[in-house]
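Student: Could you take one part of this structure and look at it closely with me? I'd also like to hear about what surrounds that part, with the terms spelled out as we go.

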Amino acid sequence: MANKWEVFVMDLAELAEGKELELTIRTLNDGLHKYTYQRAKVEVSSKLDQFADSLQVRLGRGQLSDRKFSIRVIERVERLPAQYR
Amino acid sequence: MGKISAPRNNREFVEACVKSGDAVRIKQEVDWDNEAGAIVRRVCELGEAAPFMENIKDYPGFSYFGAPLSTYRRMAIALGMDPASTLPQIGAEYLKRTNSEPIAPVVIDKRDAPCKENILLGDDVDLCKLPVPLVHDGDGGRYVGTWHGVITKHPVRGDVNWGMYRQMMWDGRTMSGAVFPFSDLGKTLTDYYLPRGEGCPFATAIGLSPLAAMAACAPSPIPEPELCGMLSGEAVRLVKCETNDLEVPADAEIIIEGMILPDYKVEEGPFGEYTGYRTSPRDFRVTFRVDAITYRNNATMTISNMGVPQDEGQLLRSFSLGLELEKLLKSQGIPVTGVYMHPRSTHHMMIVGVKPTYAGIAMQIAQLAFGSKLGPWFHMVMVVDDQTDIFNWDEVYHAFCTRCNPERGIHVFKNTTGTALYPHATPHDRKYSIGSQVLFDCLWPVDWDKTNDVPTIVSFKNVYPKDIQEKVLNSWADYGFRGAKK
């Protein structure tokens, strides 16, 4: 099943295409964990059928951007130091 | 002081508000995702009854109580007063109680503590098991703490602090929040924990009694557990945490325990704020790692929805900031007649009434106000004389527009302490909590001759002889006018 994700950026240029990015994204899938975050290595594309998952974008003060993307989550990145896990 | 009969916990408060018509029970299902927030927001903007939402989507057994103290009526109920009490009456009661003897809290056995009815530890800990609402569409996350107390303790001085620091759920075990460097918790972190690289134990208490929430929100020098006791007239019941040595209000609905991490931060915000805007940028902020969650059966989560006036952040903060400044100024012997912050100023403008008995008195007031612990929370002080009713905006506005001399009555204070939430501040100033403040001196100069230089107020009550006033008032209906005589 395709997943829905959202990201906050100050500038859409942060979502460069054709390369691996590391972003903080939150899930928009319905359920108890909606809006929880994770850090992940991803690839994004403005072609909505490029990847299975979709990415919605919000700007600095929470404004919803008109631009939509598809996204591939390559792997989760754990930033939390080991002693706190 | 007579016996105080104030609600001892959130449940008694909800009942009292429903009984007086100041809360409504909503039985139909409400979605935690935006809908509950939208209800609370509209309640704040209309000054409506507080919503007690008993059926939350995805979270059977939990409920919400929104906008708990966004009206003076509910503030009066919280204090055990007649809901129809006037603001000056409520203020006088607050001053009376907070000038009384401190009442120390009592620590009770865990078996008697309602907040221990359910305990989640280890792998069971997941904030998503709580009905954390998305308060405003576009917020950076679901906010766990909007009307609550974050409890910490200075490890050396032993000072206990209950503060209302907003907390966003980042994931099921992590929250992040805005803790300003000049706040009590901010000072404890920078003074002790961060230099040592040690985690700071915390506990977040949600669904506090309304007076515990009032204490957590008040910028009083009195420790909050004692302050809460003084406001309610009886000792607050505390109970020890499961995973650290902090003590929390035993009658709170939900307790979240954990550690503030000294060397790890996650993003927080943006968030709809009390100024009526989303101002402070999304940033890496103080991060709370959760170790335990305890809660009452059928727990109620309290929600404050900050935005345009008026919500409890504006109302209660204006109320307590004004009264705490009044206490401070009186402690310095300044002949103030009252201090008032209109909630619609989003607690940015302090109006001070004073008997102008000596030169420079307005400047002295402003220096004390801005230089105190209260100072970073407002940036305007307006000083009017004792003939101006500080609670009557028409009179205050008239005084401001007619007596504040543009050249000598407006004094700007530069490079003071501000907050990231000030909409008028530059992005740079928000980031570093740099502020600027202004005094509007609306007093007649003391060196003006009172008979010949000071203008006379031309009003019905001021310029006509008493007998004429009485004659006109008594004949008012006979003249053909309708409405009150006075």
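Tutor: Let's start with a definition: helices are DSSP runs of H or I with at least four residues, strands are DSSP runs of E with at least two, and both are numbered from the N terminus. Residues are numbered from 1 along each chain as its sequence is written, while chains are lettered from A and ligands numbered from 1 in the order in which they are written. This is a predicted model, in which local features need pLDDT of at least 70 and side-chain atom pairs count only at pLDDT 80 or more, whereas totals for chains, interfaces and linings use all residues.

The part I'd pick is helix 8 of chain B. Helix 8 covers residues 312-331, 20 residues in all. From its first C-alpha to its last it reaches 28 Å, close to the 28 Å expected at 1.5 Å a residue; that expected span is 1.5 Å times one less than the number of residues. Next comes burial: a residue is buried if 20 or more other C-beta atoms lie within 10 Å of its own, exposed if 12 or fewer, and partly exposed in between, with C-beta atoms placed from the backbone. Helix 8 of chain B is largely enclosed by the rest of the structure, because 16 of its 20 residues are buried.

Both ends of this helix have something to show. Just after helix 8, Gly333(B) takes a positive phi of about 80°. As background, most residues other than glycine have a negative phi, and most peptide bonds are trans.

Gly269(B) and Pro270(B) are joined by a cis peptide bond with omega of about 0°, and Pro270(B) lies in the loop between strand 15 (266-268) and strand 16 (283-295). Asn298(B), not a glycine, has a positive phi of about 50°; its place is the loop between strand 16 and strand 17. With 13 other C-beta atoms within 10 Å, Asn298(B) is partly exposed. Asp58(B) is not a glycine either, yet has a positive phi of about 75°. Asp58(B) lies in the loop between strand 2 (50-53) and strand 3 (63-66) and counts as partly exposed, with 15 C-beta neighbours inside 10 Å.

Now for the domains of chain B. Domain 1 spans 10-303 and domain 2 spans 332-441, with bounds that come from an automatic or database domain assignment. Their centres, taken over C-alpha atoms, are 29 Å apart. Two residues are in contact if their C-beta atoms, placed from the backbone, lie within 7 Å, and 13 residues of domain 1 are in contact with 13 residues of domain 2. The domain 1 side of this contact has eight nonpolar, four polar and one charged. Here Ala, Val, Leu, Ile, Met, Phe, Trp, Tyr, Cys and Pro count as nonpolar, Asp, Glu, Lys and Arg as charged, and the others, Gly among them, as polar.

Ser433(B) is partly exposed, with 19 C-beta neighbours inside 10 Å. Leaving aside neighbours within four places in sequence, its contacts include Phe180(B), Pro181(B) and Phe182(B). Ser433(B) and Phe182(B) are 251 residues apart in sequence, but 8.8 Å apart in space, C-alpha to C-alpha.

Finally, there is the partner chain. The contact between the chains takes 22 residues from chain B and 18 residues from chain A. On the chain B side, strand 9 (residues 167-171) gives the most, with three residues. By class, that side has eight nonpolar, four polar and ten charged residues. As for chain A itself, its secondary structure comes to zero helices and five strands. Of its 85 residues, 20% count as buried.
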